[in-house]
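Hello,

Here is the structure we spoke about. Please have a look, and read my notes below alongside it.

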Amino acid sequence: MPFRAETTRSYLGGVMQSYLADLSARLTGKPSSFSLVNIEERYRYNQSFKSIYSEVPSTIMVMLILIPAIMTALGVVREVETGSIANFRSTPVTRFEFLLGKQLPYVVIGLSSFATLVLLAIFVFGVPVKGSWAALIAGGLLCILAATGFGLLVSTFVKTQVAAIFGTTCIALIPTASFSGLLVPVSSLSGAGRAIGLAFPASWFQQISVGAFTKGLGFAELWPNHLALAGFTVLYIGVAALVLRKQEA
Amino acid sequence: MLRKLLHILALGLKELNSIRADPILLALTVYTFSYAVYAVATGAKTEVDHVSTAIVDEDRSELSQLIQQSILPPFFRPPVEIPAAEIGPSMDAGRYVFVIEIPPKFEQDVISMRYPSIQINMDATAVAQAGNGGAYLQQIVNQVIQTYATRAAGTLTTPSGAEIQPVNFAVRVVFNPNLKSEWFNSVMQVINNITMLSVILTGAALIREREHGTIEHLLAMPVAPSEIMLSKIWANGLVILVAAYLSVKLIVQLWLGVPIAGSLVLFMFGAVVYAFSVTSMGILLATFTTSMGQFGLLVIPVLVILQMLSGSATPMETMPVWLQGAMQIFPTPHFVSFSQAVLYRAAGLNIVWPELLVMAIISAVYFVISGVRFRKTLVVLQ
């Protein structure tokens, strides 16, 4: 647990320092400071420096990415496994109609879980929405669209439902848990980690969620993130439609 | 008895065949145990590592330049100079975790001992980096100023770094001297993978048979439910354990260069016991669900709990006592503490046997419960 050790070391150093300052003040009778300057630390966005204010919006992000993606991932492949995909292939349903029809119910379910999560955050965890509600709700909707789009994309690629569940989990879990800003801000990631983070919707919604909840931001600051999420949705559905046609041929 | 073993062997081989028939599944297994372990271990470091910083220099003096130059990798990214008006917008956009603000006439005030202020703005939503990074930045700034003031005064009577510290604070870090998070994260990621794959593969293998109706074929044959379960456990467990062994050997030791202090044989022995318990858990979860979709949704919260609360993400002792107690019924916390002891601290069997024993007991209990439930679901089917 290297992070704990690092924190403990800093704390011990601080305790030592303040004890020495105190001791020397008592012995010499005059207030002593080892420092020549006053260093003011300003904890922006989170004055009490409590992890709950960033953890709760981040967890909402994790839930809104993983759960809708996994639910949707079974959509197409289940029909392939059971053979009912033949209905789609033999009727004049277009690829987009088929995909959007598969996506829509999960978007509705996703939105209702989003509402539950926000209510939980506010009333159970006491984390208020300091920024724009509109930006948060729009972000939530776009995030669910992108996540379900990703699920559909995986679903058109894989052959079995096991691979769909496992594939979505293990492709989505790493960028969502490690490279989204949940543990480390994306601006401080390096190399491949940063690229993986930016290439997945999680990091973009993370900023909207933390931004709208804790940083007090609105559309003015967050619109590029909304745009990116919309872009992911179009990309995922577009590629899924292409792959789907190939199977038809 | 021999007959039973032969059944289990044959059914397991059938299971291995169906795993082999799904190339995407195999590719994903390879990916999770290879590149994913590497990426998680090296990419997401919780220690202060290349944290993005910016500086607002309104003093433009030698001292402010010195401060700017002393903020260095590997702890921080070299600070970007920004105008004061940019502090708010750039931090809102999450571009910097720290912005240091040096006021005008800072150098003059330091030399004439007027005790000036310097401000460190931190993005307190990045809890891990802001806390420790802030402490490091303070140390760095203080040190630069002390050295500078000593030199400016031209004497040794000004408080210098060496003189003012009456006590030397020596820290000895054992087991991981440079506090590298990849030493820790890589092995924990392998454990997370064992958990995830064991539960998903075994549970899904059972549900697939049910969804395809092939479980009826099995029932028509003279095999016992426990044989079906054991065959799934050994086949999936074997695939996962081989992958885990290769992952520790090739990715953790060779690629990441993490030194393994203890015995790999002992670790693998523990992994076998652990895999037995989590594969049983996969079967147990599968008996609660009737479709792959339900299983997927049930597995996610279980896996999240196992990953977050087992001591591989945060230490057990920071959790509420009731939760620590509640987690003991899962095998994962025991395996995490077993692996940490064996791999990092070179603990032998004489130290870790209690964990092994508890894992074995949990495995047996899980196996029995899932056996009972499995038989029940079969009765419903018939």
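Is strand S3 (residues 98-102) of chain B mostly covered or mostly open, and how many of its residues are buried? Mostly covered: five of its five residues are buried. Before the rest, one caution: this is a predicted model.

**The strand S3(B)**

The cover is on both faces of S3(B). Phe98(B), Ile100(B) and Ile102(B) are buried on one side. Val99(B) and Glu101(B) are buried on the other.

S3(B) has strand partners too. Strand S1 (residues 53-57) of chain B pairs with S3(B) in the parallel sense, over five bridges. Within that pairing, Thr53(B) has Phe98(B) as its bridge partner. Strand S4 (residues 117-123) of chain B runs antiparallel to S3(B), and four bridges join the two. Here Ile100(B) is bridged to Ile120(B).

**Across the chains**

S4(B) also pairs with a strand of chain A. S1(A) and S4(B) are parallel, with seven bridges between them. Ile120(B) turns up again, this time as the bridge partner of Glu41(A).

The contact as a whole takes 65 residues from chain A and 72 residues from chain B. On the chain A side, H1 (2-28), S1 (38-44), H2 (52-82), H6 (161-177), H7 (191-198) and H8 (201-215) each supply at least two residues. H1(A) gives the most, with eleven residues. By class, that side of chain A has 36 nonpolar, 19 polar and ten charged residues.

**Helix H1 of chain B**

H1(B) covers residues 2-20, 19 residues in total. From first C-alpha to last it reaches 27 Å, close to the 27 Å expected at 1.5 Å a residue. Its buried residues are Ile8(B), Leu11(B), Gly12(B) and Glu15(B). Seen down the helix axis, these fall within an arc of 105°, so they line one face of H1(B). They pack against helix H9 (181-212) and helix H11 (225-255) of chain B. On the other side of H1(B), Leu2(B), Arg3(B), Leu6(B), Leu13(B), Asn17(B) and Arg20(B) are exposed.

Best wishes

Technical notes. Residues are numbered from 1 along each chain as its sequence is written. Chains are lettered from A and ligands numbered from 1 in the order in which they are written. This is a predicted model: local features need pLDDT of at least 70, side-chain atom pairs count only at pLDDT 80 or more; totals for chains, interfaces and linings use all residues. A residue is buried if 20 or more other C-beta atoms lie within 10 Å of its own, exposed if 12 or fewer, and partly exposed in between; C-beta atoms are placed from the backbone. Two strands pair if DSSP finds at least two bridges between them. The expected span of a helix is 1.5 Å times one less than its number of residues. The arc is that of the directions from the helix axis to the C-beta atoms. Two residues are in contact if their C-beta atoms, placed from the backbone, lie within 7 Å. Ala, Val, Leu, Ile, Met, Phe, Trp, Tyr, Cys and Pro count as nonpolar, Asp, Glu, Lys and Arg as charged, and the others, Gly among them, as polar.
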